[in-house]
Structure formats: C-alpha cells, structure tokens
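Biologist: Hi! Could you walk me through this protein, taking it slowly?

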Amino acid sequence: MGSKKILAVLMVMLSAIISGCGYDDNVMRVREGHLNIAPTVPVGKAFDKFFANGEWKSFKSTEGETVVEFTGDCSWYNAPAKMTVQFTIKGDEFEIHYVGINGVGLTLIEGIAVVSKVLEEYKS
C-alpha cells in the first residue's frame, strides 16, 4: 500500500475517533449530557465506568419519539445481568423512559433509583 493510501486510511480513522467513535448526534447528546438527579455527572462517562460491554444506539419509537438506548453488563443481586436504559429526547433535553434488567422492566421509581446509583458511583 502506498504512503498516500496509508495516510488516507489514517485520516479516516482519526476522523472517526474525533467524531465520537461513530455515535450519532442523539447518542452524543445523552452521553455528554446530565440528568437532573445528578446535574454534574456526564451520563456517558458514568455508564462507561459502571458497565462492561456498553453499547449505545438511537432510533425512532413507534410513537415517533427519538429514543437513545444503552445496554451494558453489570451485577444484579450478585449475578451477571444485562441492563437496558432508554432515554427519550425532548427538544434539547432528555429523560429516562425505561430501565430493564435481563429484559424485565422496572417501575419508573426503581429505574430512577438504579440510574441514580450508577451516576453516584461515578462521583466516588
């Protein structure tokens, strides 16, 4: 491979890193944003610290809402678990819409408590 091709490949890779590793604007809004329950804690950094194998995506719900979904591995009652957290974007803000553990939805109060714990752990 010629040096111009190598340089072009490196530029594309650098561009992907700088632009947030391929996350779209909606995912970046949540990752870089803060929730009222922990206004100084960036959601993405807290989730990255707390969960293993975290994945982010955004999509439109059947109701037409913009949803950002996070899934990651954690421990739940001393057993391996997968947590899903969905945020709905409303204008320039977002809020928790759904929290589930191993596919079982929590109540909104339980979900907020779990997310609060994740955000609180980041401060520690």
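**A chat about the model**

Modeller: Happy to! Let's begin with Arg29, whose place is in helix α2. Keep in mind that this is a predicted model.

Biologist: Is Arg29 buried, partly exposed or exposed?

Modeller: Arg29 has a relative accessible area of 31%, so the residue counts as partly exposed.

Biologist: And how far apart are Arg29 and Val43 in space?

Modeller: From C-alpha to C-alpha they are 9.6 Å apart, while in sequence they are 14 residues apart.

Biologist: OK, new topic: salt bridges. How many does the structure hold?

Modeller: There are five of them. As background, side chains of opposite charge can pair when their charged atoms come close.

Biologist: Which residue does Asp48 form a salt bridge with?

Modeller: Its partner is Arg31, and the closest N and O atoms are 2.8 Å apart. This pair links distant parts of the chain, as Asp48 sits in helix α3 and Arg31 in helix α2 (residues 25–32), 17 residues apart.

Biologist: Are those two buried or exposed, or something in between?

Modeller: Asp48 is partly exposed, because its relative accessibility is 42%. Arg31 has 15%, and buried means under 20%, so Arg31 counts as buried.

Biologist: What about Lys57, which residue does its side chain meet in a salt bridge?

Modeller: That would be Glu69, at 3.6 Å from N to O. Here too, distant parts of the chain are linked: Lys57 belongs to strand β1 and Glu69 to strand β2, 12 residues apart. Lys57 is partly exposed, with a relative accessible area of 46%, whereas Glu69 is buried at 14% relative accessibility.

Biologist: Let's switch to the aromatic rings. How many aromatic pairs are there?

Modeller: The count comes to 10 aromatic pairs. Phe47 and Phe87 make up one of them: their ring centres are 6.1 Å apart and their planes are at 55°, so the pair is tilted.

Biologist: Why does 55° make it tilted?

Modeller: Planes under 30 degrees apart count as stacked and those over 60 as edge-to-face, so an angle of 55° falls into the remaining class, tilted.

Biologist: Got it. Where in the chain are Phe47 and Phe87?

Modeller: Phe47 is in helix α3 (residues 43–50) and Phe87 is in strand β3 (residues 79–90). They are 40 residues apart, and the pair links distant parts of the chain. Phe47 is buried at 1% relative accessibility, and Phe87 is buried at 0%.

Biologist: What can you say about Phe51 and Phe70?

Modeller: Their ring centres are 5.0 Å apart, and with planes at 55° this pair is tilted. Phe51 lies in the loop between α3 and β1 (52–60), and Phe70 lies in strand β2 (residues 66–76), so the pair ties together parts that are 19 residues apart in sequence. Both residues are buried.

Biologist: Which residues form the aromatic cluster?

Modeller: One cluster is formed by Phe47, Phe50, Phe51, Trp56, Phe70, Phe87 and Phe94.

Biologist: How about the nonpolar core, how many residues does the largest one have?

Modeller: It has 26 residues, and those with the most contacts inside it are Phe47, Trp56 and Phe87. α2, α3, β2, β3, β4 and α4 each supply at least two residues of this core. Its largest share, five residues, comes from β3. In soluble globular proteins, nonpolar side chains tend to be buried together.

Biologist: Last topic: pockets. What is the volume of the largest pocket?

Modeller: The volume is about 240 Å³. Among the residues that line this pocket are His34, Asn36, Phe94, Glu95 and Leu108.

Biologist: Which elements give two or more residues to that lining?

Modeller: Those are β4 (93–101) and α4 (108–123). β4 gives the most, with four residues.

Biologist: And what classes of residue are in the lining?

Modeller: Six are nonpolar, two are polar and three are charged.

Conventions: Residues numbered from 1 in each chain as written. Predicted model: local features only at pLDDT ≥ 70, side-chain atom pairs only at ≥ 80, totals over all residues. Heavy atoms only, no water. Phe/Tyr/Trp six-rings, centres within 6.5 Å; stacked < 30°, edge-to-face > 60°. Buried < 20%, exposed > 50% of the residue type's maximum accessible area, 1.4 Å probe, protein only. Salt bridge = Lys/Arg side-chain N within 4 Å of Asp/Glu carboxyl O. 1 Å grid on protein atoms, 1.4 Å probe; cavity = no way out; pocket = protein on both sides within 12 Å on 5 of 7 lines; lining within 4 Å. Points joined across faces, edges and corners; volume = space filled by probe spheres on them. Nonpolar A, V, L, I, M, F, W, Y, C, P; charged D, E, K, R; others polar. Core = buried A, V, L, I, M, F, W, Y, C linked by side-chain atoms within 4.5 Å.
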